[in-house]
Amino acid sequence: MECDVLVIGCGPAGLSAASYAARAGYDVLAIDSLAPGGQLLYIDEIENYPGEEKTSGYALAERFEKQAVSFGVKVEFWGAESIEKRDGRFFVKTTGEDVVSKAVIFAAGARHRHLGCPGEEEFQGKGVSYCATCDGPFFKGKRIAVVGGGDTALTDALYLSKLGSEVHIIHRRNEFRGQKVLQDRVMAKDNIRLQLGKTVERINGDSRGVTSVLLSDGTELPVDAVFIFVGVIPNSEILEGFAALDKGFVVADSHMMTSVPGLFAAGDVRTTPFRQVVTAAGDGAMAAHSADEYIQNM
């Protein structure tokens, strides 16, 4: 299959890029091995996206996709397996059809980082989770631990506090990294307890699931679920040896240009100091604009 612009990843960055490129008159193909939306699908409530007073991540993802398709973007549920550039064009092998394109916008996003402690893998799906909206409802009235100190951890701790009898936020530092408005809301919740300056050494359980976590200070904290939000790992494996990476994140400038002419990066997968839905969408728009300029000058 041939197209003008191939977008790899259908999260906010990818769908924004696809929409802008299609509106510029290009034949655009957007691919993703999962459902369109990326990390949006794991967010229960969004209140800081411009123009949206309050909405769910799933609903916003649906609108992103619907808008892109209305502009003529073709969306396929394919995963990208390899990429190379020959004679000025990109050749991308996917789990569906192989694709040849003039420019590529890489917006493959990132996945959840694991703790790597004993019990984490053993009890995944049995009390260990990385998605509050997916699994939180299973633990109504239960004791819940949230590991992390950034925006995601605080936001999801607030969500889980509406479901669980008590929520313990475990963070390795003595202060949170998340936005102050989120910190203030956490502090105001009667059923949220703080376990600062501590790490999870082991997750304990039995045949029914998680029963407790062992903390670095020797405390064994009785909980029924552990939700882990300790950062992300960029989905950039297919670019290793092809484009410049920094700790796995794709190196891109303010125009989203990478070290490979015609390859642009946008969203959580690229080097950026701030990862939000709105910044990802902005990245996508800039990447599409830069791709337009690149194709015009081919």
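View 1. Cys 3 is buried, at a relative accessible area of 7%. The model shown here and in the other views is predicted. Burial is assigned to Cys 3 because 7% falls under the 20% cut-off.

**View 2. The disulfide of Cys 131 and Cys 134.** One disulfide is counted in this model. It links Cys 131 to Cys 134, with an S to S distance of 2.2 Å. That pair qualifies because 2.2 Å lies within the 2.5 Å limit. In general, such a link is a covalent bond between the sulfur atoms of two cysteines. The torsion about the S-S bond is 70°, and the link of Cys 131 and Cys 134 is right-handed. Cys 3, by contrast, is in no disulfide. For Cys 3 the nearest cysteine sulfur belongs to Cys 10, 12 Å away.

**View 3. Burial at the two ends of the disulfide.** Is Cys 131 buried or exposed? Cys 131 has 5% relative accessibility, so it counts as buried. Its partner in the disulfide is Cys 134. Cys 134 has 38% relative accessibility, so it counts as partly exposed.

View 4. Cys 117 is buried, with a relative accessible area of 11%.

View 5. Five strands form an open sheet in the order 8-15-9-10-11. Their pairing is parallel. Strand 8 (128-129) and strand 11 (192-196) are the edge strands. Each of these two pairs on one side only. As a rule, strands of a sheet pair through backbone hydrogen bonds.

**View 6. Strands 9 and 15 within that sheet.** Strand 9 covers residues 143-147, and strand 15 covers residues 225-228. The two run parallel and are joined by four bridges. Which residue of strand 15 is the bridge partner of Ile 144? The partner is Ala 225.

**View 7. The hairpin of strands 12 and 13.** Strand 12 (residues 200-206) pairs with strand 13 (residues 209-215) in the antiparallel sense. Six bridges hold this pairing. The hairpin passes from strand 12 to strand 13 through two residues. Asp 206 stands opposite Gly 209, a residue of strand 13.

Notes:
Residues are numbered from 1 along each chain as its sequence is written. This is a predicted model: local features need pLDDT of at least 70, side-chain atom pairs count only at pLDDT 80 or more; totals for chains, interfaces and linings use all residues. Side-chain values use heavy atoms; hydrogens and water are left out. Two strands pair if DSSP finds at least two bridges between them. Buried means under 20% relative accessible area, exposed over 50%, partly exposed in between (1.4 Å probe, protein chains only).
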